[in-house]
Every structure is written in structure tokens, then in C-alpha cells.
Amino acid sequence: MGEFYYEQFRRQGFRRPIWITAGRSYLILRLVAIVLMACLSLYGFSHEEPELRGAGAVFLAFVCFAVVFFVPRFVRANTQGILVLSEKSVYNGLYGLDFAWDDLGPAWIVSTTIRGSKHKTIFILLRHASMYRRRLPWHLRWQIRPAPKTGPRPDGLDDVPGSQEMLMRLRDERLAEGDTSRLSTLPLQASGISPEQVVEIINRTVLERIG
């Protein structure tokens with residue numbers, strides 16, 4: 001499926017929106033995990049031992065947090081998409097917002113290793129961040145935070161000479177504007193498309209739009 005998304009962009013651009021969504025198993029597995037946490041919470045509260053009741057309280061707090069912050073994201077990833085890239089904007093399911101192409105880019109990948117497993121996170125620079133922050137519910141506005149004043153080097157495009165320098169110059173210009181943030185995305189594992197392909201699509205589009 002990931003190759004389908006990528007080939008759709010290479011052949012057709014955005015004549016049809018590229019709707020990157022998670023499989024139904026993505027939603028089911030995460031909802032099952034939350035239900036199991038809720039069952040563990042009830043099990044802890046059903047005993048009188050302080051240790052078990054304390055563990056039940058911890059699980060209950062996690063379940064409440066997951067219901068407020070995670071469940072809406074999981075549902076959006078399945079129903080509305082992880083990312084929807086169209087001619088005018090990018091819908092990002094992590095925030096439930098459409099971001100105009102003119103306010104995005106460049107994008108890059110940060111790799112981290114957790115317990116021997118490598119995880120890749122996509123970051124996308126966003127200008128006019130305060131405007132988008134106001135569109136979020138008040139309890140979610142912390143998600144769009146000011147970007148660090150420096151950023152990693154975005155990868156260039158193999159078939160576009162000087163593309164890395166152009167992306168770095170764009171990064172520096174937008175960071176200098178001040179009202180910038182650093183967006184992320186929902187995990188792409190269940191979608192089939194790789195972070196590298198998503199970053200290439202975003203950066204190629206950004207370069208084309210700035211001429």
C-alpha cells in the first residue's frame with residue numbers, strides 16, 4: 001500500500017488527494033490495549049491491599065489520559081487518515097487540522113533507538129504557528145509548541161541539484177520569522193508508506209511551490 005501512495009504522487013501529483021490511513025488492525029489493537037488497562041484498574045480496585053489499589057489507580061489514570069488524548073487520534077487515523085496530502089493543504093491526523101502548503105516545510109526524520117529498536121519520527125516545520133494553535137481545543141494547544149532555533153539538516157532530493165541547500169535556506173528563513181513550530185505525525189507503521197517517502201513528497205512539493 002505504501003508503494004501505491006508513493007507511485008500515485010510520482011505519476012499523478014495531487015490530481016487526487018493522497019489519503020494515507022492506518023489499517024483497521026491499528027485501531028483495534030490500540031483499543032484492546034486500553035480495555036485491558038481498564039480491566040487491570042478494576043482488578044486492582046477490587047482488592048483491599050494498598051499495593052493493588054495503588055496500581056489500580058495508576059492504570060485508571062492512564063486509561064483516562066488515553067481516552068482523552070489517544071483514542072481520538074486512533075479513530076482519526078483510521079477514519080480520516082494519518083495524513084491527507086492534496087493540492088492546497090496537508091491534513092495531519094495527529095492534530096485534526098489542515099495545514100496550508102505555503103506554511104509547511106521543510107521536513108526531516110529523527111531516528112531514536114529504544115530498547116534496541118529503531119524508531120523514526122517525521123518533523124515538519126510550520127510557520128504562522130499561533131494561527132493554527134488557536135484552532136485547536138484549549139487542552140490540546142500545547143501540541144503546537146515553538147520550534148527550536150536550530151534544526152537538523154533536511155535531506156536533499158537525489159534528482160534535484162542543490163536541493164539540500166535550498167531546504168536548509170528555507171529552514172533558516174522560517175526559523176528566523178519567529179512564529180514557527182515543529183509538527184510531527186501519527187505513527188506510519190500500519191500505513192505501509194515509509195517516513196522517507198513521506199518526507200520526500202513533502203520536500204519535493206515545498207521546493208516546487210517556492211519555485
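Helices (H or I, at least four residues) and strands (E, at least two) are DSSP runs, numbered from the N terminus. The views below show a predicted model.

**View 1. An open sheet of 3 strands, ordered β5-β6-β7, with antiparallel pairing.** The edges are held by β5 (104–114) and β7 (180–183); each has a single partner strand, so one side of each lacks a neighbour in the sheet. On average, neighbouring strands here are turned by 25° against each other, direction ignored. Between β5 and β6 (residues 117–127) there are 9 bridges, in the antiparallel sense. I109 has I122 in β6 as its bridge partner.

View 2. The lining consists of R10, I109, D155, G156, L157, D158, D159, E196, V199, E200, N203 and R204. Which element gives the most to this lining? Helix α6 does, with 5 residues. By class, the lining holds 7 charged, 3 nonpolar and 2 polar residues. I109, one of the lining residues, is the bridge partner of I122 in View 1.

**View 3. An open sheet of 4 strands, ordered β1-β2-β3-β4, with antiparallel pairing.** β1 and β4 are the edge strands, each pairing on one side only. Neighbouring strands of this sheet are turned by 15° against each other on average, direction ignored. Strands β2 (residues 83–85) and β3 (residues 89–92) run antiparallel and are joined by 3 bridges. Opposite V84 stands Y91 in β3.

**View 4. The aromatic pair F14 and W101.** The structure holds 5 aromatic pairs, among them that of F14 and W101. Their ring centres are 5.7 Å apart and the angle between the planes is 35°, a tilted arrangement. Where do the two residues lie? F14 is in the loop between α1 (2–12) and β1 (18–20), and W101 is in the loop between β4 (97–100) and β5, so the pair ties together parts that are 87 residues apart in sequence.

Definitions and conventions: Residues numbered from 1 in each chain as written. Predicted model: local features only at pLDDT ≥ 70, side-chain atom pairs only at ≥ 80, totals over all residues. Heavy atoms only, no water. Pairing = 2+ DSSP bridges. Axes fitted to C-alpha atoms, helices over the stretch in contact; angles between N-to-C directions. 1 Å grid on protein atoms, 1.4 Å probe; cavity = no way out; pocket = protein on both sides within 12 Å on 5 of 7 lines; lining within 4 Å. Nonpolar A, V, L, I, M, F, W, Y, C, P; charged D, E, K, R; others polar. Phe/Tyr/Trp six-rings, centres within 6.5 Å; stacked < 30°, edge-to-face > 60°.
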